Amino acid sequence: LACAYIGSGRYFAAYRHEFIGTLLMIGFTFTPGKWIGQDALMVAWIAHVCGVVASDKIGGGPHVNPAVTVSMYALGKCSYTEGFVRIMGAMAGGLVAFPLYSVVADKLGLTQLGGPEFSSVGDPDGVNAGSSEFWAVTLLMIMIYVLNWELNFGKYHYWIKQTLTALGIRYLIETFPLAGPAINPMLGTTWYIFANGAFPVEIGHYFTYWVCPFAAAVFASCLYAVYAGGNVFGHKLPLGPVKGDAAVSSSKKNK
């Protein structure tokens, strides 16, 4: 909570957005299949999509994912301090959300929510699970770049791009299952703390849920910078921009 007041409270709004957005995201996206659509896959998918859109809209457009925040920092979309505060806000939201929804489930007689879990059996260092998270986060970031910065759906841009984002996230969840999946460092660790009452001690947990997603965020940022131009951590890459070269080439052909 103290992190919310870093910089004399300058980033309090960012912290609040991440905290509330995470509470909503977990509530809206973890309940499908548990509280909603238990026996109907299509209903669960639709509920998940609606949950992703609702949590973003109500929460004020938060990152709710430390890997996303790392990518935004790498691409110069937020400062180091803002990024740190956003990650702390998301972590605080996750630490509150899981116990909160557990109490709700108990009071209403609902199924307890689950969370992503890393198993060291057969994968003590998290290499396989980490690889799964790496590629899932890489694809997630590319999807975010394309839907938010490269495509324009006109009057209904927000609703269309958020719906497509939700469908994409659901697809990634189904396609990359080895680490739960989390596709979000905050979810992997805050769920572990809630489920076990302590911080994780296995190195594989941190490799799977933090090292690999952060590496994927930086990798995806580099790919986008090569395509669209711009800096990564304040430095211009020696390659690209492909987008600019393609535009110049097209202009020459038209002449």
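Entry 1, a buried pair. I began with Arg86 and Glu82 and noted that both are buried; buried stands for under 20% relative accessible area, exposed for over 50% and partly exposed for what lies in between, with a 1.4 Å probe and protein chains only. I must keep in mind that this is a predicted model, in which local features need pLDDT of at least 70 and side-chain atom pairs count only at pLDDT 80 or more, while totals for chains, interfaces and linings use all residues. Residues are numbered from 1 along each chain as its sequence is written, and side-chain values use heavy atoms, with hydrogens and water left out.

Entry 2, the chain as a whole. I found nine helices and two strands in the chain; helices (H or I, at least four residues) and strands (E, at least two) are DSSP runs numbered from the N terminus. Their order along the sequence is α-α-α-α-α-α-α-α-β-β-α. I then looked up the radius of gyration, which is taken over C-alpha atoms, with a globule rule of 2.2 Å times the number of residues to the power 0.38. For 255 residues a compact globule would be near 18 Å, and the 19 Å of the chain agrees with that. The box filled by the C-alpha atoms is roughly 70 × 45 × 35 Å along the principal axes.

Of the 255 residues in the chain, 45% are buried. I noted an accessible surface of about 12,800 Å², with 65% belonging to carbon and sulfur atoms; the areas come from the Shrake-Rupley method with a 1.4 Å probe, and for residues only the protein chains shown count as cover. A contact means heavy atoms within 4.5 Å. Taking contacts between residues at least 6 apart in sequence, I read that 73% join residues at least 24 apart.

Entry 4, salt bridges. How many salt bridges does a search of the whole structure find? I found four, each a side-chain nitrogen of Lys or Arg within 4 Å of a carboxyl oxygen of Asp or Glu. Arg86 and Glu18 form one of them, at 2.6 Å from N to O. Arg86 is in helix α4 (residues 80-108) and Glu18 in helix α1 (residues 12-30), so this pair ties together parts 68 residues apart in sequence. Glu18 has a relative accessible area of 0% and is buried, and Arg86, at 12%, also counts as buried.

I found Arg86 again in a salt bridge with Glu82, at 2.9 Å from N to O. Both residues of this pair lie in helix α4, four residues apart, about one turn of the helix.

Another salt bridge joins Glu150 and Lys243, at 3.0 Å from N to O. Glu150 is in helix α5 (residues 127-150) and Lys243 in helix α9 (residues 242-254), so the pair ties together parts 93 residues apart in sequence. I have Glu150 as partly exposed at 24% relative accessibility, and Lys243 as partly exposed at 38%.

Gly21 is in helix α1 and is buried, with a relative accessible area of 1%. Leaving out residues up to four places away in sequence, I listed Arg16, Ser55, Gly59, Pro62 and Val64 as touching Gly21.

Leu167 is in helix α6 (residues 157-175). Is Leu167 buried or partly exposed? I read partly exposed, with a relative accessible area of 35%. With residues up to four places away again left out, Leu167 touches Trp45 and Val49.

I found a cis peptide bond between Gly180 and Pro181, with omega about -10°; Pro181 is in the loop between α6 and α7 (185-196). The bond from Gly240 to Pro241 is cis too, with omega near 5°, and Pro241 is in the loop between β2 (235-236) and α9.

Val64, listed above as touching Gly21, is not a glycine but has a positive phi of about 45°. I place Val64 in the loop between α2 (41-59) and α3 (66-74), and at 13% relative accessibility Val64 counts as buried. Ser8 has a positive phi as well, near 60°. Ser8 sits in the segment before α1 and is exposed, with a relative accessible area of 80%.
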